[in-house]
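Dear colleague,

I am handing over the structure below, together with notes on what was found in it. Please read the notes with the coordinates open.

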Amino acid sequence: MPGPVETALRNRRAAGGKALVAYVTGGLGDDWTDTVRAVADAGADVIEIGVPFSDPVMDGPTIQAANDRALASGATPTSILDQVRGIDAGVPLAVMTYYNIAFRAGLERFAASLVDAGVSGCILPDLPLEETGPWVEAADDVGIETILLAAPTASDERLSRVCARSRGFVYGVGLLGVTGVRAELAASASIIAARLKQVTDLPVLVGVGVGTPGQAVEASAAGDGVVVGSAVVQRMLDGAGPAGVAELVAEFRAALDAS
Amino acid sequence: MGLSDPTPEGRFGEFGGRYVPETLVPACEELEAAFREAWDDPAYRARLDGLLADYAGRPSPMTECENLSEELGCRLLLKREDLNHTGSHKINNVLGQALLAQRMGKTRLVAETGAGQHGVATATAAALLGMECCVYMGEVDIGRQELNVFRMKLLGAEVKTAMSGSRTLKDAINEAMRDWVASVEDSHYCLGSVMGPHPYPWMVRKFHEVLGREAREQSEAILGTTPDVVTACVGGGSNAIGIFSGFVDDDTELVGVEPAGGAAVGSGVPGVVHGSQSYLMQDEFGQVIEAESISAGLDYPGVGPEHSYLASIGRARYESVTDAEVVVAFQLLSRTEGIIPALEPAHALAWVSRDRASLAGKSVVLNLSGRGDKDVAQMMDILGGEGQ
Ligand SMILES: Cc1ncc(COP(=O)(O)O)c(C=O)c1O
């Protein structure tokens with residue numbers, strides 16, 4: 001049975017729409033939980049909560065800066081999940097962090113702590129297909145949807161295997177590179193979406209390098225939607241507050257709805 | 001026999017593996033296949049051996065320290081990797097990887113560096129083979145290893161400053177991996193130690209086994225038998241695994257020496273960072289703790305997975321020494337033997353000196369992994385102009 005993340009995204013697709021997943025750095029500022037709620041109200045279908053890690057190799061300068069600031073203010077995986085428990089955003093939540101955070105806690109304990117906090121999904125960008133075994137076992141056992149990344153460098157055969165093991169949706173990596181806003185959408189974004197659509201019925205979302213509403217429209221044409229991270233986090237870093245961040249997310253929502 | 005190969009998944013016991021973003025998995029697979037093929041190709045091996053001999057100056061000699069042996073009460077032999085071209089053991093690995101990258105059709109080398117020795121070696125190989133080279137170095141290390149920064153630039157490399165985190169080796173690795181995620185189509189990541197995702201820990205060790213083979217032969221010629229103890233400093237652990245590889249089948253005691261402020265084996269717990277599972281200095285939540293060492297080359301909170309394995313099965317043991325002990329050892333070797341060591345191998349000597357009572361009468365082979373030229377300016381600051 002599909003979990004809450006997959007169900008939400010399938011519903012969006014069934015209604016003829018394009019899905020929007022927004023990324024919010026956990027522990028960034030005192031009002032970050034309000035931001036999560038505001039982003040949900042502004043039309044995000046699923047919200048990724050970033051749990052900061054000291055060495056985020058898949059992240060560019062914006063998310064690194066947000067991580068550093070959150071960690072410096074004393075945020076920990078435990079404090080963030082404690083706060084998540086009280087959010088009640090009305091949309092499914094997924095945690096995005098790095099494998100060592102789960103490994104150090106103990107995989108079963110970490111999976112259970114996600115359930116306990118009301119989180120439905122989990123993304124670990126430094127855990128490639130071959131290494132997912134122990135984690136997905138722990139996650140599957142308690143119903144956490146493990147969303148896998150699918151990269152432009154993978155063969156079609158590998159993409160199929162990634163899709164078969166992914167839950168919730170498949171996260172198509174839009175370009176060769178780390179997270180961050182780029183002036184233009186890479187051609188690889190539409191290509192990875194189209195390649196993934198060939199091999200899976202799971203919702204296909206493209207993220208990394210999707211930074212403007214226009215790019216979101218372009219990137220979601222071949223697939224089922226987008227993940228927007230750095231653009232949202234930059235707003236948080238700029239001190240826009242929940243309302244200011246929600247305004248940006250509403251722009252993405254409107255552009256996707258009009259497409 | 002020597003050290004065994006990892007499992008097909010790149011595991012040494014529970015340690016190792018390939019924890020990289022999906023984007024890099026095909027590149028790691030391609031590298032592994034290319035390495036296996038090249039290693040079995042006599043033409044590649046002949047080219048590498050030729051460069052190691054005629055360009056890098058192998059074999060490096062072994063020096064018996066008569067003055068210092070008398071002072072310490074043990075029989076101390078130094079494996080002279082400091083005499084290699086570019087001044088350290090790092091060139092063994094870099095020549096192997098650069099030739100491999102060229103064979104794979106890559107035109108650019110990306111590297112991280114701490115002390116700058118791996119960066120200099122990579123820049124050197126890039127100059128020799130006509131490749132582009134980009135080296136990431138933490139801002140703190142750029143400050144304390146100015147000479148090597150200039151050397152890399154002279155050799156035609158671009159040196160990029162890593163500004164994040166502790167602004168040392170760990171952060172330079174993060175930046176190099178981020179570069180590689182974006183540049184993987186034309187770039188090879190020339191990793192400088194026995195760490196990272198499979199096949200690096202294994203491949204880099206294979207490239208350094210040459211120094212272990214030489215050391216075993218040389219020590220046997222001098223001692224008439226195998227040494228009682230073999231010791232080396234451990235950052236990621238490449239010079240140590242290289243020399244250990246020559247002696248694992250003997251009953252020689254193997255001792256790795258870590259800096260007190262970067263003792264991954266000594267004070268870490270298993271974790272996953274930079275591509276593999278290994279002992280790691282981290283807090284209760286899994287955040288990596290920043291290392292702190294006088295030596296830029298050892299200022300790293302992790303360690304190569306094969307060392308974690310050797311520690312876990314008890315085949316090697318790991319000691320740690322303080323910065324103050326290292327400074328004394330640096331001066332000691334300079335004055336008694338006329339050899340100015342790099343700060344990294346001065347760690348191994350600091351342990352020998354501290355534990356001299358338990359080493360009394362024993363034969364000790366110490367891997368002198370690099371020379372001290374790069375550290376002279378830093379030591380001048382610490383010791384003052386008289387060097388006393
Ligand atoms: C002379 C020397 N020895 C040792 C090291 C540490 O590396 P490893 O532990 O991989 O030998 C370095 C690194 O910069 C070095 O320059």
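Across the interface of domain 1 and domain 2 of chain B there are 21 residue pairs in polar contact, both residues being at pLDDT 80 or more (a polar contact is a pair of N or O atoms within 3.5 Å; within protein, one must be able to donate a hydrogen and the other to accept it, and residues adjacent in sequence count only if both atoms are side-chain atoms). On the domain 1 side, at least two residues each come from strand E1 (11-12), E2, helix H4 (90-103), helix H5 (117-129), helix H6 (139-144), helix H7 (146-154) and H8 of chain B, where helices (H or I, at least four residues) and strands (E, at least two) are DSSP runs numbered from the N terminus.

Before going further, please note that this is a predicted model, in which local features need pLDDT of at least 70 and side-chain atom pairs count only at pLDDT 80 or more, whereas totals for chains, interfaces and linings use all residues. Residues are numbered from 1 along each chain as its sequence is written, chains are lettered from A and ligands numbered from 1 in the order in which they are written, and side-chain values use heavy atoms, with hydrogens and water left out.

The domains of chain B

The assignment, which is automatic or from a database, divides chain B into domain 1 (11-52 + 89-200) and domain 2 (59-88 + 210-383), and the centres of these two domains, taken over C-alpha atoms, are 22 Å apart. Contact, meaning heavy atoms within 4.5 Å, involves 40 residues of domain 1 of chain B and 44 residues of domain 2 of chain B. Together the two domains bury about 3,300 Å², 60% of it on carbon and sulfur atoms (buried area is the accessible area, with a 1.4 Å probe, that two parts lose on being put together, summed over both). Phe15(B), His89(B) and Arg144(B) supply 23% of the area that domain 1 of chain B buries against domain 2 of chain B, more than any other three residues. The interface of these domains holds 1 salt bridge (a side-chain nitrogen of Lys or Arg within 4 Å of a carboxyl oxygen of Asp or Glu), and Arg144(B) also forms a salt bridge with Asp299(B), with the closest N and O atoms 2.7 Å apart.

The ligand

There are 18 residues around the ligand, of which Ser193(B), Gly235(B), Gly237(B), Ser238(B) and Ser369(B) come nearest, a residue being counted if one of its heavy atoms lies within 4 Å. His89(B) places a polar side-chain atom 3.1 Å from an oxygen atom of the ligand, while a backbone N or O atom of Gly235(B) lies 2.7 Å from an oxygen atom of the ligand. From Ser369(B), a polar side-chain atom lies 2.7 Å from a nitrogen atom of the ligand.

The contact between the chains

Chain B gives 37 residues and chain A 35 residues to their contact, and the two chains bury about 2,900 Å² between them, 55% of it on carbon and sulfur atoms. Glu22(B), Arg178(B) and Phe285(B) supply 26% of the area that chain B buries against chain A, more than any other three residues.

This interface has 4 salt bridges. In one salt bridge, Arg11(B) pairs with Glu131(A), the closest N and O atoms being 2.7 Å apart; Glu22(B) and Arg158(A) also meet in a salt bridge (2.9 Å, N to O).

With regards
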